[in-house]
Amino acid sequence: MAGPNRELLASHIAAFENANVICVGDIMLDRFIYGDVDRVSPEAPIPVCRVRNETAMLGGAGNVARNLVSLGARVDLISVVGCDPVAKDVELLLQNLNGVSPNLLSETERITTSKIRYVADGQQLLRADREITDPISDEVAKRLCVTVSDTLQNTDALIISDYGKGVITDYLANHLITLAADAGKPVIVDPKAANFNRYRGASLVTPNLKELGQAAGRQPKSDVAITTCARALLENFEIEAMVVTRGSQGMSLISTDGADHFTSRAREVFDVSGAGDTVVASLAAGLAVGLPTVVAAQLANLAAGIVVGKTGTAVAYADDLQQEIRYAAPRPTPPPPLNVALEQIRAWQARGETVGFTNGCFDLLHPGHVSLLAQARANCDRLVVGLNADRSVKRLKGNNRPTQDETARAAVLSSFETVDLVLIFEQDTPEELLHQIRPDILVKGADYKIETVVGADFVQSYGGRVILAEIVPGFSTTATIARMNSS
């Protein structure tokens with residue numbers, strides 16, 4: 001997929017202020033105890049942490065709500081807590097969180113979930129959890145449904161934040177999704193259950209890579225495998241789309257008719273706590289204000305990259321996101337390895353999509369190149385561009401070429417919406433590459449004849465077509481460079 005338009009993405013962030021979202025799920029309290037470690041205990045071979053500071057913040061569905069209001073949205077937070085001091089701390093934090101309307105049911109036999117993290121020198125030493133994961137009763141679930149039903153008409157989207165602590169049951173999830181569907185509201189689910197039947201009929205689910213593997217029964221390791229596993233779950237459980245969070249590799253958006261893979265900006269990762277909450281909040285805010293799912297996913301990917309660069313259960317603010325978009329200018333990256341690219345091409349063809357191929361040096365792009373790419377893409381579903389490597393260009397054009405190296409040329413080509421994949425080949429012709437790709441359509445300029453196009457006989461031998469694209473007169477890289485050198 002071509003890179004996102006940064007200016008357009010930035011313009012969408014202000015719209016988050018118009019988002020009204022319901023979030024139902026497991027709320028918890030995250031405590032962080034910070035200190036220094038400079039000795040080992042004489043009682044046991046364990047570090048002694050000298051405590052310097054303690055903080056407490058909302059976790060789970062509470063952190064989803066924090067992320068929503070940080071982006072400018074308003075949220076109705078609905079959950080179940082115990083009758084204990086932790087619940088009082090949660091309620092106090094919610095009172096101080098502008099933009100959140102809490103509605104918490106209390107159960108005397110329940111413990112409010114809390115996690116205590118001990119941190120020294122930026123590293124977690126220990127996490128201590130206090131929780132009960134027993135499912136809530138159907139009677140309590142019915143009360144939650146009534147609360148959601150009363151609120152749903154005045155909101156734009158529903159989040160189900162399932163942390164596996166007992167609030168989200170099969171009964172509750174099924175009824176919430178039905179309520180939202182009847183009201184015409186999108187449902188975004190952060191899943192924990194391995195059986196996605198709990199989320200049947202949802203608009204969007206957001207598993208991480210491990211959760212996807214557990215639900216699919218195997219751990220996918222490539223873009224194609226992730227897409228295949230996700231599509232099977234979408235079809236089996238009538239879910240519209242899935243966003244798979246992949247840590248440092250970004251995220252993937254998969255629907256029954258398309259897949260987009262978003263990379264993340266390289267950065268030092270300090271803490272991944274709550275990154276999934278940021279993703280689901282950003283997606284919900286985007287869908288709540290009517291953004292296309294792919295645009296909401298692009299924003300969510302950038303927001304997730306922000307929070308992993310912070311410590312603690314962090315959030316991404318609207319200003320953070322604006323700054324990240326300004327920073328995220330396109331940077332040259334090499335094309336994928338051939339085996340990965342071929343796997344993607346096979347997946348396209350397996351879905352019945354036609355794959356086109358064209359090739360060239362594309363040293364200094366000019367209107368002739370743009371026209372060739374546009375005509376090629378108009379005749380296929382996916383366009384693969386074969387790019388002569390630097391050594392190949394030198395052999396063909398002379399030692400003073402190319403003017404841009406292969407990585408830069410590939411990056412420019414990849415930015416075109418008409419181009420789906422760029423592959424670099426070392427040979428003087430793409431003959432070998434064509435035999436590996438086996439494209440459905442081969443495109444060259446009309447300054448060739450079909451019988452002189454490299455690979456034409458091969459492509460036609462298995463039923464492929466060769467197309468000669470119209471030439472835009474007056475444009476040539478060699479002539480352009482000659483004019484530059486003579487001026």
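A crossing is right-handed if the near helix is turned clockwise from the far one by less than a right angle, and left-handed if anticlockwise. Keep that in view for the helix pairs below.

This is a predicted model, in which local features need pLDDT of at least 70, side-chain atom pairs count only at pLDDT 80 or more, and totals for chains, interfaces and linings use all residues. Numbering runs from 1 along each chain as its sequence is written, and side-chain values use heavy atoms, with hydrogens and water left out.

**Stop 1: H8 and H9**

Select residues 275–288, helix H8, and residues 293–307, helix H9. Helices (H or I, at least four residues) and strands (E, at least two) are DSSP runs, numbered from the N terminus. The axes of H8 and H9 lie 8 Å apart, at an angle of about 150 degrees. Axes are lines fitted to C-alpha atoms, for helices over the stretch in contact; angles run from 0 to 180 degrees between N-to-C directions. H8 and H9 are therefore roughly antiparallel (over 145 degrees; under 35 is roughly parallel, 65 to 115 roughly perpendicular, the rest oblique). H8 passes H9 in a right-handed crossing.

Now show side chains. From H8, the contact (heavy atoms within 4.5 Å) includes Val279, Leu283 and Leu287. From H9, the residues include Ala296, Ala300 and Ala303. The contact divides into 10 nonpolar, four polar and no charged residues. Ala, Val, Leu, Ile, Met, Phe, Trp, Tyr, Cys and Pro count as nonpolar, Asp, Glu, Lys and Arg as charged, and the others, Gly among them, as polar.

**Stop 2: H4 and H5**

Move to H4 (residues 138–152) and H5 (residues 170–183). Their axes come within 10 Å and cross at roughly 20 degrees. That makes H4 roughly parallel to H5. The crossing of H4 past H5 is right-handed. Among the H4 residues that meet H5 are Asp138, Lys142 and Leu144; H5 brings residues including Tyr171 and His175. This contact has 11 nonpolar, two polar and two charged residues.

**Stop 3: the five-stranded sheet**

Select the open sheet, ordered E16-E15-E14-E17-E18, with parallel pairing. Strands E16 (421–425) and E18 (465–469) stand at the edges, each with a single partner strand, so one side of each is left without a neighbour in the sheet. The twist averages 25 degrees from one strand to the next.

Zoom in on E14 (residues 355–360) and E17 (residues 441–445), which pair in the parallel sense over two bridges. Two strands pair if DSSP finds at least two bridges between them. Phe357 has Leu442 in E17 as its bridge partner.

Finish on helix H11 (residues 338–350). H11 lies across E14, E15 (382–388) and E16, running at about 140 degrees to E16.
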